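Please keep the sequence and the coordinates in view while reading.

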Amino acid sequence: MAAAHKPPLGGFRIGFGAATFLSSSQSPDQKTTMNYESQLDTVVLAVLIAGLMPVICAGIAKWGRKDYDNHNPRAWYASLDGFAARANAAQQNCLEAFPFFAVGVLVAALSGADGDSLETITWMFIVARVAYVACYLNDKASWRSIFWVIGFACVVYLSALALF
């Protein structure tokens, strides 16, 4: 019995103009191609947006405040209340969610996930996280929890894309 063809790096190969993926169960003639110029670019853009969300939330927390203490910012953030405190909490949650999302995108891409699925789920995550932050800022706790679950489900799905 011949050994199965196992592509390098989980099947991720970059050619000229397209990233080609082969899963370990696919032969070289059964490949899924991710359009490198559009799909991979939009996935990277989604990761960038997710990475910038904590900075945006921090800016919202500081917006219009003259008493920001750059010598002791954690104590200053701890003294906030209301809208600014919720913006800081959203910032912290965005920081917590980002690594799980970024690694999920990376392992899904490297494992040969379908480009359309990868692109769709990354943007679903971004929409869910933007809605989550909006609900957090406007003190809509139940809706915030719903959008958190949707974003978390997107990350779990990214990992499933890598596994199956």
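In which kind of crossing, left-handed or right-handed, does α3 pass α5? The crossing of α3 with α5 is left-handed, a term used where the near helix is turned anticlockwise from the far one by less than a right angle, right-handed being the clockwise case. The contact is made by N93, F100, F101, G104, V105, V107, A108 and S111 of α3 together with W148, F152, V155, L158, L161 and A162 of α5, contact meaning heavy atoms within 4.5 Å. These residues divide into eleven nonpolar, three polar and no charged; Ala, Val, Leu, Ile, Met, Phe, Trp, Tyr, Cys and Pro count as nonpolar, Asp, Glu, Lys and Arg as charged, and the others, Gly among them, as polar.

The model is predicted, with pLDDT of at least 70 needed for local features and 80 or more for side-chain atom pairs, whereas totals for chains, interfaces and linings use all residues. Residues are numbered from 1 along each chain as its sequence is written, and side-chain values use heavy atoms, without hydrogens and water. Helices (H or I, at least four residues) and strands (E, at least two) are DSSP runs, numbered from the N terminus.

The axes of α3 and α5 cross at roughly 25 degrees and come within 7 Å. Axes are lines fitted to C-alpha atoms, for helices over the stretch in contact, and angles run from 0 to 180 degrees between N-to-C directions. The two helices are therefore roughly parallel to each other, given that angles under 35 degrees count as roughly parallel, over 145 as roughly antiparallel, 65 to 115 as roughly perpendicular and the rest as oblique.

Helix α5 (residues 141-163) also packs with helix α4 (residues 115-137), at an angle of about 160 degrees and with the axes 8 Å apart. α4 and α5 are therefore roughly antiparallel to each other. The residues of this contact divide into 18 nonpolar, three polar and two charged. Among them are F125 and R129 in α4.

F125 and R129 also line the largest cavity, with A50, M53, C94, A97 and F98. A cavity is a set of points, on a 1 Å grid over the protein atoms alone, where a 1.4 Å probe fits but cannot get out; lining residues have an atom within 4 Å of a point. About 40 Å³ of space lies in the largest cavity, volume being the space filled by probe spheres set on the points, which are joined across faces, edges and corners. α3 gives the largest share of the lining, three residues.

Key: On a 1 Å grid over the protein atoms alone, a cavity is a set of points where a 1.4 Å probe fits but cannot get out, and a pocket is an open set with protein on both sides within 12 Å along at least five of seven lines; lining residues have an atom within 4 Å of a point.
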